[in-house]
Amino acid sequence: MVSAETPILGPDTLVLQCGSDTVSGSRETLMRYIESRFPRPPLVMSRGGDCDETTPLIVTATRLQHRSMTWHIERMVRWAEDLAARGGRGAVDPTVGSPRMEVKKFGRSYGHLLELMLEHAQMEERIVFPILERADRGLSKAANDDHARDLPIMNGIKEDIKSIVVLDSGTPAYQEALSNLFTRLKSLQEHCKEHFDGEERDLLPLMEAAELSKQQHERLLEQCWDAMQGTHSHLFRFFIEGLPPHDAMSYLGLIIKCNDKDRAATMLCPIME
């Protein structure tokens, strides 16, 4: 766990508490410590097409957000598939509760994902796409069209879950609703993969060609925090859960770069409690 001392240290300093060990330093220092303590699976590895020091900060943040959302969507699809396969029977794990209780938990988790995805889309539309449009009008049209296409699907899934909660488990209508839920989530997963891949292949690399100054890139990152306040407050634990350790450390590193240290501390608080 990252220590609560983190925000008051230097701008590039983090503190890690692991058992009786306390390690402080840069992200790379902490990664080396984790790698030495827990060599399997490796955290630091070659990742083709990943971000480097020349990548604009907003691009790094956007890619990491894509990865978290992808992980959560995949988790929801697997969960929905399991619900549909059981057809109203309770889970093996008794802590999940009754079928209705499980569907309610499923709905809360999907609600978190929906809020995260909506904030991310709004962030892109308010911050990333206007930069590209000023450079070359029409560049972000396809991405904007994807957002408009997927919003009804995302909201429709939320309504589907509400409908399932009031159905009697085990009935044909209940089983059909679970099957339809899985199908719609699977479709959303495919759309999101296509959309994220397209942005990272065709749009985000163009941010480097926009010829913005370092200060302008830093300001874009600050605007990202403004646009995604829910993600960086009550949803932050949920968001970070979707990232492997190396990517989580990279994202925390972006937050540490925040010029407003009180703001950075506030964003980090949810994972320090």
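Predicted model: local features only at pLDDT ≥ 70, side-chain atom pairs only at ≥ 80, totals over all residues.
1. If you were hoping for a disulfide, the count is zero; the rule asks for a pair of cysteine sulfur atoms within 2.5 Å.

2. Next, have a look at the backbone at Glu 211. Its phi is positive, about 55°, even though the residue is not a glycine. Where does Glu 211 sit? You'll find Glu 211 in the loop between helix H5 (172-203) and helix H6 (214-227). The residue is exposed, at 70% relative accessible area, which clears the 50% cut-off for that label.

3. Now the aromatics. How many aromatic pairs does a search of the whole structure find? The search turns up five. One of them is Trp 225 with Tyr 251, an edge-to-face pair with 5.9 Å centre to centre and 70° between the planes. Trp 225 belongs to helix H6 and Tyr 251 to helix H8 (residues 245-256), so this pair ties together parts that are 26 residues apart in sequence. Are these two residues buried or exposed? Both Trp 225 and Tyr 251 are buried.

4. Phe 236 and Phe 239 make a stacked pair, with 6.2 Å centre to centre and 15° between the planes. Both residues lie in helix H7 (residues 236-241), three residues apart, or about one turn of the helix. Phe 236 is buried, with a relative accessible area of 0%, and Phe 239 likewise counts as buried at 0%.

5. Trp 225, Phe 236, Phe 239 and Tyr 251 form one aromatic cluster. Trp 225 brings in helix H6 and Tyr 251 brings in helix H8, while the two phenylalanines come from helix H7.

6. Last one: Ser 140, a loop residue between helix H3 (99-135) and helix H4 (141-165). Is Ser 140 buried or exposed? Ser 140 has 1% relative accessibility, so it counts as buried, the cut-off being under 20%. What does Ser 140 touch, leaving aside its neighbours within four places in sequence? With those set aside, Ser 140 is in contact with Phe 129, Glu 133 and Leu 203.

Methods. Residues numbered from 1 in each chain as written. Heavy atoms only, no water. Helix = DSSP H or I, 4+ residues; strand = E, 2+ residues; numbered from the N terminus. Buried < 20%, exposed > 50% of the residue type's maximum accessible area, 1.4 Å probe, protein only. Phe/Tyr/Trp six-rings, centres within 6.5 Å; stacked < 30°, edge-to-face > 60°. Contact = heavy atoms within 4.5 Å.
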